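Colleague: I am new to this one. Please show me the structure, and then I will ask how you know what you say.

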Amino acid sequence: MDNHRIGETNADILVLGIGNLLMGDEGVGVHFADSLLKESLPPDVEVLDGGTAGIQLMEAIESHRHVLIVDATLDGLPAGTIREIKPRFSSDYPSAMSTHDIGLKDLISGLTLLGRQPEIFLFVVSIDKVQPLEIGLSPEVNAALGDLKAKVFHRIEKIRSGNSGE
């Protein structure tokens, strides 16, 4: 887990990239988080490369009012397809949430049980397969990063304007 900006500000919004860099497209969330760190972001936005930390991310997630999670999913859609989901419970997450499915769902269940779940938006990027010992992204998933960035920034603006509940 690589904490880039956590704790440096009193950010209201956390963008959390999830994934494993050693498994090809499965690492799309981490690639995305790392790319955001090169951007000039509003002071109320923090970025975290959450890797495959799962339940260890509880403190980072519960310390923000809004969390945007970016992760890969094996959902049968064409590689690079982006969907935004506003899950309320762990059961609302896609059933094939990559290689750390149990950790992320357990994390959300724990936060729900404790009454400390922030407003979460999940951005899933469809992948064709998990590629062991592959560091880069496929051309299809890499090509989706620009659209993913636009969607995440659009959601950040809605949150900042008070219209996040759509």
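Modeller: Start with two helices. Helix 1 and helix 5 pack at an angle of about 70°, and their axes are 11 Å apart. Axes are lines fitted to C-alpha atoms, for helices over the stretch in contact, and angles run from 0 to 180 degrees between N-to-C directions. Helices (H or I, at least four residues) and strands (E, at least two) are DSSP runs, numbered from the N terminus.

Colleague: What kind of model is this, and how are residues numbered?

Modeller: This is a predicted model, where local features need pLDDT of at least 70, side-chain atom pairs count only at pLDDT 80 or more, and totals for chains, interfaces and linings use all residues. Residues are numbered from 1 along each chain as its sequence is written, and side-chain values use heavy atoms, with hydrogens and water left out.

Colleague: Why are helix 1 and helix 5 called roughly perpendicular?

Modeller: Angles of 65 to 115 degrees count as roughly perpendicular, under 35 as roughly parallel, over 145 as roughly antiparallel and the rest as oblique. The angle here is about 70°. Helix 1 and helix 5 are therefore roughly perpendicular.

Colleague: Which residues of helix 1 and helix 5 meet?

Modeller: Contact means heavy atoms within 4.5 Å. From helix 1 come Val28, Phe32 and Leu36; from helix 5 come Leu145, Leu148, Lys149, Val152 and Phe153. They divide into seven nonpolar, no polar and one charged. Ala, Val, Leu, Ile, Met, Phe, Trp, Tyr, Cys and Pro count as nonpolar, Asp, Glu, Lys and Arg as charged, and the others, Gly among them, as polar.

Colleague: Which residues of helix 1 are buried, and what covers them?

Modeller: Buried means under 20% relative accessible area, exposed over 50%, partly exposed in between (1.4 Å probe, protein chains only). In helix 1, the buried residues are Val28, Gly29, Val30, Phe32, Ala33 and Leu36. Their cover includes strand 2 (13-18), strand 3, strand 4 (66-73), strand 6, helix 4 (139-143) and helix 5.

Colleague: What makes Lys149 and Glu39 a salt bridge?

Modeller: A salt bridge is a side-chain nitrogen of Lys or Arg within 4 Å of a carboxyl oxygen of Asp or Glu. For Lys149 and Glu39, N to O is 2.8 Å. That pair links distant parts of the chain, 110 residues apart: Lys149 is in helix 5 (residues 145-160), and Glu39 is in the loop between helix 1 (28-36) and strand 3 (45-51). The whole structure has seven salt bridges.

Colleague: Is Glu119 buried or exposed, and what does it pair with?

Modeller: Glu119 has 18% relative accessibility, so it counts as buried. Its salt bridge partner is Lys86, with the closest N and O atoms 3.0 Å apart. Lys86, at 39%, counts as partly exposed.

Colleague: How do you know that Arg160 and Glu157 are separated by about one helical turn?

Modeller: An α-helix has 3.6 residues a turn, so residues three or four places apart point the same way. Arg160 and Glu157 are three residues apart in helix 5, so about one helical turn separates them. Their side chains meet in a salt bridge at 3.4 Å, N to O.

Colleague: Why is Asp49 called buried?

Modeller: Asp49 lies in strand 3. Its relative accessibility is 9%, so Asp49 counts as buried.
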